[in-house]
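Trainee: I'm new to this one and would like a close look at a single part. Could you start there and then work outwards?

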Amino acid sequence: SYANEVAAFIDYARDTIVNELGFLSELDDQDEQPEIYDIFIQDLGPYQYGFTVPDVNLNGALSSHILIDNEYEQGEYFITGLKAMRLTVAHEFFHASQQAYREKNAGVDEYFYEMMSTWMEDIIVPDGNDYINWVDLDSNDDDIFEPFFLDPEMSLKEADGYSMALFAHYLNNVYSNGNTTIIREIWEEIALLGYTCGIDCGINSINNVLLDNYNVNFEEAWNDFTSRLFFNGSNDYGNNLFFHEDQMDIIPLSTYLPNPENINVGETFFTIDLNNISSKYKLYETNSFGVLSFEYENVASSEFVDNISVIS
């Protein structure tokens, strides 16, 4: 009965990803039954949800098959049972679709592929919300990719993709009216970029699509995205600050930033080192009403993007 549930849901996930949302279908694995996509069910062990395994390289794209767990039992996973299976099937099958655009450069652009598949699992199983458990979970000793919320000053390409599904939601909901057009355009762009850009390929594909199709640069989008994350975890500020309903259940960006400094009447000076792929933050608090004014030295206003998030 479990195998039948898997078979039924992979048909649903594939129909949604390929026929409804318009992403590429999985590639033929060129075995004796090319019209069949292979999924193997076995006991994978705690927190090993599933894997998309490469089969045949076809001119830079890749056929694949999927391994998933046989039961997703309590105590071994955050979300259990059939819901965990459905999340995993959606996540892994989108990896199969991704491989039709471009073979994943293992260990290099993991952040991009995992961000997109974690986003897709929330599109197909919106009440699953397993990814919320991973936004700040330091689940391994991988020094290359870490959860974004543990260090919000890291760039997208330094973060593990599981913690970054919110950024794909941001792009989709703010610039694409929730219809996934911008995400498809980003995948088409990364296929054109090939492999010459290395770990920058994912972030470059996003930047190119934003500039060419939406007249927005990456710096503006990233700054707006991170500024809104300060209001996560509360419904006190109005829906205009939220771009996705799950922000209510995700920790605020400030959780792992230094505690705010107290600010009083007078002047406060600081320097801050900026780049074009990550945000930097200064947090202040005051115990009285007043007027804040900001002056900038040694930088032209055209060289940076800034927001002030006020929590009162």
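How many residues does helix α2 have, and how far apart are its end C-alpha atoms?

Mentor: Before we zoom in, keep in mind that this is a predicted model, in which local features need pLDDT of at least 70, side-chain atom pairs count only at pLDDT 80 or more, and totals for chains, interfaces and linings use all residues. Residues are numbered from 1 along each chain as its sequence is written, and side-chain values use heavy atoms, leaving out hydrogens and water.

Now to your helix. Helix α2 covers residues 81-101, which makes 21 residues, and its end C-alpha atoms are 31 Å apart. At 1.5 Å a residue, the helix should span 30 Å, so the two values agree. That expected span is 1.5 Å times one less than the number of residues. Helices here are DSSP runs of H or I with at least four residues, strands are runs of E with at least two, and both are numbered from the N terminus.

Is α2 enclosed or out in the open? Since 17 of its 21 residues are buried, α2 is largely enclosed by the rest of the structure. Buried means under 20% relative accessible area, exposed means over 50%, and partly exposed is in between (1.4 Å probe, protein chains only).

Have a look at Leu82, which sits in α2. Leu82 is partly exposed, at 32% relative accessibility. Apart from neighbours within four places in sequence, Leu82 has contacts with Tyr2 and Glu5, where contact means heavy atoms within 4.5 Å. Glu261 is 179 residues from Leu82 along the chain, and their C-alpha atoms are 47 Å apart.

Next, compare a residue from a strand: Asn57 belongs to strand β2 (residues 50-58). Asn57 is partly exposed too, with a relative accessible area of 43%. Beyond residues up to four places away, Asn57 touches Leu62 and Glu103.

The loop between α3 and α4 (165-175) holds Asn129, whose phi is near 55°, a positive value in a residue other than glycine. Asn177 also has a phi near 55°, and this residue is in the loop between α4 and α5 (181-193). At 71% relative accessibility, Asn177 is exposed. Most residues other than glycine have a negative phi.

Further along, Asn223 in helix α7 (residues 218-228) is buried, with a relative accessible area of 11%. Setting aside neighbours within four places, Asn223 is in contact with Ser279, Val305, Asp306 and Asn307.

Finally, step back to the whole chain, which has seven helices and five strands in the order α-β-β-β-α-α-α-α-α-α-β-β. Its radius of gyration, taken over C-alpha atoms, is 21 Å, close to the 20 Å from the globule rule for 312 residues, so the chain is as compact as a globular protein of that length. That rule is 2.2 Å times the number of residues to the power 0.38. Of the 312 residues, 45% are buried.
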